[in-house]
Amino acid sequence: MIKVKLAEDKINKIKEICAFFSNKPGEVINVLHKVQGELGYLPAEVQEVIAKELNMSVATVYGIVTFYSFFTMIPKGEHPISICMGTACYVRGSEKILDEFKRQLNIVVGETTPDGKFSLNCLRCVGACGLAPVVLIGEKVYGRITTDKVKEILAEYN
Amino acid sequence: MEFVNIKIDDKPVQAQKGQMILKAARAVGIEIPTLCYYELNGQQLENRPGGCRVCVVEVAGRKNLAPACATEVMEGMEIKTHSLRVVNARRTVVELLLSDHPASCLICSKSGKCELQTLAQKLGIRDIPFKGEQSMYKKDDSPAIIREMNKCIMCRRCETVCNKLQTVGALSAVNRGFMAVVATAFEQDLAHSTCTMCGQCVQACPVGALSEVNQTRQVIQAISNPAKTVVVQTAPAVRVALGEEFGLEPGTIVTGQMAAALRRIGFDYVFDTDFAADLTIMEEGTELLERISKVMAGDKSVRLPILTSCCPGWVNFFETNYTDMLDVPSTAKSPQQMFGAIAKSYWAEKIGVKREDMVVVSVMPCVAKKFECQRDEFKENGNPDVDYSITTRELAELIKQFNIDFNSLAEEDFDNPLGASTGAAVIFGATGGVIEAATRTAYEVFTGKTLDKVDFTALRGLEGVRSATVDFNGTPIHIGIAHGLGNARRLLDMVRNGEANFHAIEVMACPGGCVGGAGQPFHHGDFSKVEKRFEAIYREDAGKPIRKSHENPYIKQLYDEFLGKPCGEKSHHLLHTHYFDKSKQIEVEG
């Protein structure tokens, strides 16, 4: 027997969400959406529980999780960083800003720092093009960023 | 049935309403090339993702080319299957596929049998104009199946076979775009997935992305080592399929040529798994009767039905999916393993060879047998009862490597004693055969009467799930049969839910039974080849002088000289096994 271990409250939460969707395999995307909303991400053990509850193969669940870019198996950091790659930000050098964040944090897009503090992601336009290039850390918006400001911004969270 | 009138390549055709263009064309002998399309006639399996676009055709009045496999015929439709536009598009599609495919055909295990290679030849492709990125996936070596996904063309046949036909659920398409690939959950190795090693994905793969672990080299090494006594055993289904590798019609029986070829290759003793199949019947049949008597006497410690346990893919399947029923399958080892256990005890002793100096090779129609012979419970101090299990295809390779002109070989017999067998053993190779063989013996033991007619035709056939009742002199014995793991699941779910009552159930993991095994010559979706092998199995049985396992004189001798009685102490040690819970359970952390 292979044992898959998960905290009791998480198991119960997942079961509750699956039951809300009547444990129907056809509702798997809704289930994944909701579970990610609750737990922040969808690690392997969580997918195992969902597969079991919905009576479908784990491979299929994993196939869905990896197909949609919205789903993630990596937990977001305490301070999730989002770099705007929308047109306005892009032409004003957001790629260089992204590179600087990558360098400072030593992670790539989609990853989280080993201490769990920061995670790095890109998004397309936050509707603040006048402030381009724009970076979001948590809910806070940073505008007109230059590469030399990256270090001091990160220092705010240390 | 409703029909529509269409024209294919200017030829007026009456096609069935609702039919796809591909089938309508094939029905009138117009061949449209396909690649991802895969169907097993009569087994309710169709892979039709419409993804490869090799089957595109031109439909008058439509702007875009249409995939023939996924476009329904309509009244008045005019279809061109090889216009210039079609031929050019088809060529581009294949060129694009080849641009992300390793050009290692010279050394690929699938070379000569690859559908992509055949197609490229057919379309006369001599250049790949597109240069792009190449997929770089990790090679996955499991004990039985190798996955080289760099060769994958995303036809998704394996995924469909694994999920729809077998309901194993080990494979799924994962990731997207260029990174898309068919993989297991969390892209782990097959060995760590729910894979049963049945290998039907290997049988379905059009290219060399999925193949069996090839052990021909180890076999040649063993044969050329003078210190080793090398014993070979051949499964029943091999003799009705091996000929296909040498251009013979499917269903040609080549038992005699096969024995001759094995001797030419240099095996010291050419024996037959059929002998062990007869032995299996003695053990499993006895176990069946004992269990039926106990249940009839009200013994609550045991329950029915008894399930056959010859098929290693099936064993892996129930060890993962039916762990609440691990007491139900027969404890009898499979014929392959019974043979190994007897060869390395009884026979080794008889000819004065030490266990470690004997090498047992099995030739199997199967990929899962490679996994089975590596299981720890089939080893003694690390020495396996069966050292190497090779497929029918690998045996054909060996014969070719030894420059043997197979078709001109004179027929030879197996060696005795472990080469003697009955018709009951031969039918192990077809779905329903094991239970028919068991019935032939169990009937006579149970009733004390001799059967007038040994053919139990009610147990034969190719429907996925079958049932029949055999009258044991007033006692009705209910028998269930399933082949293909999806069908097995349907039958077992009925038993689990109390919706069906059987005394005994036979399950084979592959469609058609072992004749349709994953180690057999590739049928490329032509299931009629499997049907012809199936018929040949019963012809071979009918031609045997002895057709009941308990009448095999060498089996009697084995019990007299060595084993004592069926299900006795020695049998229990050598010929029976136990099962493990391989399911995944969710547990609270802490």
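Colleague: What makes β1(B) and β2(B) a hairpin, and which residue in the turn has a positive phi?

Modeller: β1(B) and β2(B) form a hairpin with two residues between them, and Asp9(B) in the turn has a positive phi of about 50 degrees. This is a predicted model, in which local features need pLDDT of at least 70, side-chain atom pairs count only at pLDDT 80 or more, and totals for chains, interfaces and linings use all residues. Residues are numbered from 1 along each chain as its sequence is written, while chains are lettered from A and ligands numbered from 1 in the order in which they are written.

Colleague: What makes strand β1 of chain A a partner of β23(B)?

Modeller: The same criterion of at least two bridges applies. Five bridges join β1 (residues 2-6) of chain A to β23(B), so these strands also count as paired. They run parallel, and Glu587(B) is the bridge partner of Lys5(A).

Colleague: Which residues of the two chains are said to be in contact, and how many are there?

Modeller: Contact requires C-beta atoms, placed from the backbone, to lie within 7 Å. On that basis, 20 residues of chain B are in contact with 21 residues of chain A. On the chain B side, β10 (172-174) and β23 (584-588) are the elements that give two or more residues. The largest share, five residues, comes from β23(B).

Colleague: What are the elements of chain A, and why are they called helices and strands?

Modeller: Helices (H or I, at least four residues) and strands (E, at least two) are DSSP runs, numbered from the N terminus. Chain A has seven helices and five strands, in the order β-α-α-α-α-β-α-α-β-β-β-α along the sequence.

Colleague: Where do the domains of chain A lie, and what separates their centres?

Modeller: The bounds come from an automatic or database domain assignment. Domain 1 of chain A covers 8-67 and domain 2 covers 79-155. Their centres, taken over C-alpha atoms, are separated by 31 Å. The C-alpha atoms of chain A fill a box of roughly 55 × 30 × 25 Å along the principal axes.
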